[in-house]
Amino acid sequence: MSQSHEDMPSNALLLGILAALMVLLGAAFSLVWLPHGPWKPFLAILIAGAKAALIVWIFMRARYHDHTSWLFIIGGIFWLAILFTLTFADYLTR
Amino acid sequence: MDNSANSQHHLVNDPPENVAEEPQENYLNEGKGLMSWLTTTDHKRIGILYLLTITFFFCIAAFAAAIMRADLTTPQGDLVISETYNKLFTVHGVLMIWFFLVPSIPTVLGNFLVPLMLGAKDVAFPRLNLASWYVFVAAGVFTLYAMVAGGVDTGWTFYTPYSSTYSNGHVISMAMGIFIAGFSSIFTGVNFIATIHKMRAPGLTWMRLPLFIWSLYATSIVIVLATPVLAISMFLVMVERLFGVGIFDPALGGDPLLFQHLFWFYSHPAVYIMILPGFGAISEIIATFSRHRVYGYSVVAFSSLSIAVLGFLVWGHHMFVSSQSVYAGLVFSLLSFLVAVPSAIKVFNWSVTMILGRVQFTTPLLYAVGFLGLFTIGGLTGLFLATLAVDVHVHDTYFVVAHFHYIMVGGMVMGYLGGLHLWWPKITGRMYHEWWGRIGATLIFIGFNLTFFPQFILGYLGMPRRYHTYPPEFQFLNVVSTAGATILGLGYLLPFIYLIVSLKKGKKAPDNPWRATGLEWTTSSPPPKHNFEQTPTVNEEAYAYKD
Amino acid sequence: MGHLSQEVHEAYRDEVQEKRTGYLGMWAFLSSEILFFGSFFLAYAVIRSFHADAFREASGHLSLLWGTINTAVLLVSSYLIAFGEKAFELRRNKAGMLSWAGAAVLGVAFLAIKFYEYGEKFHHHHIPGLDFKAEDFQHPQGAELFHFLYFSMTGLHALHLIVGVCWISGMVLWFKLRKGRTIQTTYVTTAALYWHFVDLVWVFLYPMLYLIRP
C-alpha cells in the first residue's frame, strides 16, 4: 500500500461522491410524493443500492485494493441472496 | 531434524538440532503462572485454553447423555421424570454442538496449527484470538447459569412459538449464551480467513497448502456467513419472550416457520462447520500414515469449498413435514442430494490414497479408518432423510438421531481425537502410549456402533426421539444401545487418562516422530514462542513423500 | 514503503502486510455483518408480505423529516471519515483528527435525533409489546410488528453507531496523546471501514422504514 496519490481518491472525487449521495437522497425523498405503485419499493431499494455502491467503491476504497477483499464484499451479498431466494421459494409457492 | 522433512522444505536455515538439549525454550515454559496464560496472545497457548474449556463442556454434555441412556433401559423411564429428560437432551445438544463440536477442531487444533502450517509467527489478529476465548467463556457462563437455574426444555432447536411463548425454562439465558458463543466463532473465522490469505510463508502457494488449511478456510467462510443469522434468530426469540411481540407467533400475525428458516440457514451449514475441520484432520492423518500424497489433492481441496457453498442451499430438508411449500421441499430435496457428491469424492480419494500408499496402522490411522466407515454410513443414511417420502416416515424418530450421531460423533469426534493424537507430540512434546491408544480407538469404534446402530432400527420401527418412555417391544434394542454407550464412555475415558499420564511419563517426542511432511514438523516439539527461528521458505507441494 | 513502518505488530513482516491483512479481515467481518442485518431484512420482507397495508400505514407514523435529516447526517459523516483517512495516510494528522472528530460529532447528532424519535414513540404509546395503543391504527397487528422491527433494526444500528463513535473518538484521543509520532494506517483503515458500513446499513433502513408511507 504505497502512499502515492494513485491509491486514494482525490479530494474532488470525494466531494463528488458526497454530492452524488445527496442527489440520490433527494431522489429517494421525492419518491414519497410520486403516485403509489408496486415499483416504488423496488425503486427505493435500487436508489439505496446505488448509494451503497458509491460508498463501497470510493469511500471504502474497494477500487484501490486487491481483489481478495471483493471476494467477501460479493460473498456477503451473494449469501444474503441465497437466504432471500430460498426462503421466498417457500413463501411464494405455498 | 528428520531427514525426510529436511528434504521436503528447504529452509533458509535449518532449525537447530534440539532433541537432546534439556530445558529448551518453548511456548509452554516461556512465561510462568496463571496470569501469563490468561493474558497470552500466543495462538498455541490459546489453543490449549480452548482444549481445557471444551473438554470441560464435553464432560458435562456426556454426563447428560449417560443419564438419558440409563433412563432409557426401561420402557417406563424409571430414573428421571419427563421434564428432567427434556432438560437433559437440551443441555446435551446445546453443549455438544456450540460448546464442543463447533469449536473443537478449529479452536484447538486450528489455533495451534494454522500459523505453524503456514510458516507464520502467529494468527493475523492475536488479540482478537484471545478475545474470542473470553467471549466463549462468557457464553458458557450464561449457558451454565440457565442449566443450574432450572434448565431449558425446548431442545437445542428452540422451535417457536414453544420457546418464545410457552416454555417455562430459562430460555433467555441459554439463547443469550448461544448468541454470545456465535461471536466467538465469528472472531475465530475472521482470524483464520485473514491469516490464510495474508500470512503464508514465501513460496507457500494455495495449491501447496495442507488440506487441513483448505478445510479450515472453508469452515471459516461458513462460520462467518452463517453464524450471524443464528444470532438474529436467538435475538428474536429472546425479544419475543421478553416483550411478548409475536413475530414468530401466528396468533399475533407472525410466522413460526420464519424462525425455522433463519435457524436452519445457520444450523444446517453448522453441520459443515463441525465436519469440515474433521475432513481436514483425516486428510493429514491418512497422508501421514499412508506415506503418500492425498490422491486428487486439488479435487479434495475444492470439494471443501463446494461443500461450504452447497451446504447453504439445503436447509429446507429439516422442514419437510412443516407447513413449508411442497415445491420448496422438492427443490431442497434435490439440492440435498447434490451436497453428498463432494463428501463422497473425499471418501473415495482417501480410500485410494490408502490403497496407493503403505499404511501403518497407528492410533491416529485407526481413528481415521473408523471415521471413513462411520461417516459413510452417516452420509448414506442422510440420503434417506433427504428423500421426501422416506423422511415423512422417519422424521423425528431415532433414525434421525442415529444419522446425525454417525456424522457428528462417528465423523467429527473421531476426526478430532485422531488429529489430537497425530499432533499430541507437537503440542506437548511427549509421546502417548501407542498400545493404549490403539485399544482406545478400537473401543470407541465398537462402542459407538453398538450405541447407535440399534437406533437406526428403532427409528425405522417408529420410536420417536425426545421421549423417555416407549412401548416394551423396543426395550431390547434400547438396552443394547445403553450397553454400547457404556463401552463408548470407557473408550473416551481411556485417552483422557493416558494422554494426561503421557505429560509426566511419556517419552520425549522428537521434532518429527511420524516422519511427516508439513511445516509444523520442521520446528521443535513443543515449538518455540515464535514458532520458527527463521521464516521458512517453501518450494514443494504438500505431501511430497518420496519413500 | 518499509521505511514508513514504525510499530508493526510482531506477527507481521511489514506495514504493507499488516494493512492489507487488516483491510481483508475487516471485510470478512463485515460480510458477517451483512448477514447479521440481512436476517432482519429477511424478517422484514416476510412479515411485510403478510401485512403490506399495515406496514404502509405504520410507516406514516414515523417522522420522514427526521429520518431524511439523519440519513444526510450519516452520509456527511462518511465523507468526513473518508477525507480524514486520506489525510492520515498523507501524514496530515491534524486535518485527519479534525475531520474524524467532526464525524464523531455527527454520529452523536444522529443518535440524539434517534433518541428524540424514540421519545416521540413513547409519548404516543407506540411501544410494541409493552405499551401499544392499537386504536391508532387500522391494522394494529401488522403495525405492532412493524414497530417491533423498527425498534429492533434501528436499535441494533444505533448500538453499532455507539461502538463506532467510541472507536473513532477513542482513536482521535489516542492519536492526540501520541503527538509527534506517526499513526498506524492499519488502525485508520479498519475503523474507517467499520464506520462506512454502519452508514451503509442506514442507507437501506431509510427506504425500508421511512419511505413506504401511503
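## Basis of the model

Because the model is predicted, local features need pLDDT of at least 70 and side-chain atom pairs count only at pLDDT 80 or more, while totals for chains, interfaces and linings use all residues. Residues are numbered from 1 along each chain as its sequence is written, and chains are lettered from A and ligands numbered from 1 in the order in which they are written.

## Chain A

Chain A has three helices and zero strands, in the order α-α-α from the N terminus. Helices (H or I, at least four residues) and strands (E, at least two) are DSSP runs, numbered from the N terminus. The C-alpha trace of chain A spans about 55 × 35 × 10 Å along its principal axes. Its radius of gyration is 18 Å, whereas a compact globule of 94 residues would have one near 12 Å. The radius is taken over C-alpha atoms, and the globule rule is 2.2 Å times the number of residues to the power 0.38.

Of the 94 residues in chain A, 33% are buried. A residue is buried if 20 or more other C-beta atoms, placed from the backbone, lie within 10 Å of its own, exposed if 12 or fewer, and partly exposed in between. Chain A is assigned domain 1 (1–60) and domain 2 (66–94), with bounds from an automatic or database domain assignment. The C-alpha centres of these two domains of chain A are 22 Å apart.

## Chain B

Chain B has 16 helices and zero strands. Along the principal axes, the C-alpha atoms of chain B fill a box of roughly 70 × 45 × 45 Å. Buried residues account for 59% of the 547 in chain B.

Two residues are in contact if their C-beta atoms, placed from the backbone, lie within 7 Å. Among contacts in chain B between residues at least 6 apart in sequence, 84% join residues at least 24 apart. Ser82(B) belongs to helix 4 (residues 82–118) of chain B. Ser82(B) is partly exposed, because 13 other C-beta atoms lie within 10 Å.

## The contacts of chain A

Chain A touches chain B through 11 residues, which meet 13 residues of chain B. The chain A side of this contact has five nonpolar, four polar and two charged residues. Ala, Val, Leu, Ile, Met, Phe, Trp, Tyr, Cys and Pro count as nonpolar, Asp, Glu, Lys and Arg as charged, and the others, Gly among them, as polar.

The contact between chains C and A takes 40 residues from chain C and 38 residues from chain A. On the chain C side, helix 1 (15–50), helix 3 (64–89) and helix 6 (185–209) each give two or more residues. Helix 1 of chain C has the largest share, 15 residues. By class, this side of chain C has 27 nonpolar, seven polar and six charged residues.

## The largest nonpolar core

A nonpolar core is a set of buried Ala, Val, Leu, Ile, Met, Phe, Trp, Tyr and Cys residues joined through C-beta atoms within 7 Å. The largest one has 266 residues, of which Ile213(B) and Ala43(C) touch the most other members. Helix 9 (residues 256–290) of chain B gives the largest share of this core, 22 residues. At least three residues come from each of domain 1 (1–60) and domain 2 (66–94) of chain A.

Neighbours within four places in sequence aside, Ile213(B) is in contact with Val114(B), Met117(B), Leu118(B) and Ile196(B).
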